[in-house]
Amino acid sequence: FLDAMKDSKFKFTASQGTYFQAMDYSEISNENDKEFVTWLTKKIGVAAIPISAFNKDFKDDKMIRFCFAKTDDTLKKAANILCKL
């Protein structure tokens with residue numbers, strides 16, 4: 001997934017020991033993370049989780065996370081879509 005995302009506008013540091021990858025989307029949108037993941041899911045067709053849901057006081061740092069416990073085909077399709085943003 002990360003190899004496929006390296007040319008996207010998302011910024012990230014590879015995660016370790018998890019099935020989730022946090023990514024900064026600030027070069028793509030100024031929306032808060034909840035609005036961005038809602039748009040991403042409903043209009044673009046790729047689901048993500050807003051990191052603010054896990055932060056004290058729901059602090060929004062323009063970070064979302066993707067679950068990569070998916071098939072290679074699903075991850076390739078998602079990365080292809082996300083790299084076009």
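What covers the buried residues of α2? The cover includes β2, β3 and α3, where buried means under 20% relative accessible area, exposed over 50% and partly exposed in between, with a 1.4 Å probe and protein chains only.

This is a predicted model, in which local features need pLDDT of at least 70 and side-chain atom pairs count only at pLDDT 80 or more, while totals for chains, interfaces and linings use all residues. Residues are numbered from 1 along each chain as its sequence is written, and side-chain values use heavy atoms, with hydrogens and water left out.

**The sheet**

Helices (H or I, at least four residues) and strands (E, at least two) are DSSP runs numbered from the N terminus, and two strands pair if DSSP finds at least two bridges between them. Three strands make an open, antiparallel sheet in the order β1-β3-β2. Because β1 (20-24) and β2 (49-50) stand at the edges with a single partner strand each, one side of each has no neighbour in the sheet.

| Strand pair | Bridges | Residues standing opposite |
|---|---|---|
| β1 and β3, antiparallel | five bridges | Q21 and F66 |
| β2 and β3, antiparallel | two bridges | I49 and R65 |

**Helix α2**

α2 packs on the sheet by touching β2 and β3, and its direction makes about 40° with that of β3; contact here means heavy atoms within 4.5 Å, and the angle, on a scale from 0 to 180 degrees, is taken between N-to-C directions of lines fitted to C-alpha atoms, for helices over the stretch in contact. D33, F36, V37 and L40 are the buried residues of α2. Seen down the helix axis, these fall within an arc of 95°, so they line one face of α2, the arc being that of the directions from the axis to the C-beta atoms. The face turned away from this buried side carries the exposed residues K42 and K43. After α2 comes G45, whose phi is positive, near 90°.

**The nonpolar core**

A nonpolar core is a set of buried Ala, Val, Leu, Ile, Met, Phe, Trp, Tyr and Cys residues joined through side-chain atoms within 4.5 Å. The largest one has 17 residues, of which F1, M5, F10, L40, I64, F66 and L82 touch the most other members. α2 (33-44), β3 (63-67) and α3 (72-82) each supply at least two residues of this core, and the largest share, four residues, comes from α3. Beyond its neighbours within four places in sequence, M5 is in contact with F10, F12, M23, A79, L82 and C83.
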